[in-house]
Amino acid sequence: DMAETPASVVSEAASPSPPWLPVPPLRADQACDGTPMTTLMVRNIPARYTKAMLLQEWGKDGSFDLLYLPRNCATKSNLSYAFINFTTAMGATDFMATWHRGRLSQFR
């Protein structure tokens with residue numbers, strides 16, 4: 001009978017073991033499935049920056065093969081974010097280490 005069962009036993013019986021398996025911690029250079037991450041989204045780009053200005057800031061060293069900076073046609077400014085695809089996961093990791101919370105040199 002439930003009334004005669006101690007509360008501690010009831011609470012243990014009422015809370016089954018978690019249905020999920022522990023997930024290993026993700027590294028900054030890996031996607032959720034563990035594959036190497038090569039594409040980054042960069043936020044908070046000043047609206048007056050152009051693609052040419054970003055290339056000047058970040059260099060043309062061959063570490064990335066795509067830089068996409070969407071623009072607003074009406075205002076002729078960027079949307080304050082960009083996507084950059086690196087040729088290797090190490091290139092993406094190095095970029096994050098250098099630019100995470102970093103500031104671009106123009107329009108501070």
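Predicted model: local features only at pLDDT ≥ 70, side-chain atom pairs only at ≥ 80, totals over all residues.
In what order do the elements of the protein run from the N terminus on? They run α-β-α-β-β-β-β-α, which makes three helices and five strands. Both kinds of element are DSSP runs, helices being H or I with at least four residues and strands E with at least two, numbered from the N terminus.

Residues are numbered from 1 along each chain as its sequence is written, and side-chain values use heavy atoms, with hydrogens and water left out.

Three strands form an open sheet in the order 1-5-2, with antiparallel pairing; two strands pair if DSSP finds at least two bridges between them. Strand 1 (39-43) and strand 2 (64-68) are at the edges with a single partner strand each, so one side of each has no neighbour in the sheet. From one strand to the next, the twist averages 20 degrees.

Strand 2 and strand 5, residues 81-86, run antiparallel and are joined by four bridges. Leu 66 has Asn 85 in strand 5 as its bridge partner.

Next, helix 2, residues 51-58. Helix 2 lies across strand 1, strand 2 and strand 5, at about 140 degrees to strand 2. Axes are lines fitted to C-alpha atoms, for helices over the stretch in contact (heavy atoms within 4.5 Å), and angles run from 0 to 180 degrees between N-to-C directions.

Last, contacts across the chain. Among those between residues at least 6 apart in sequence, 55% join residues at least 24 apart.
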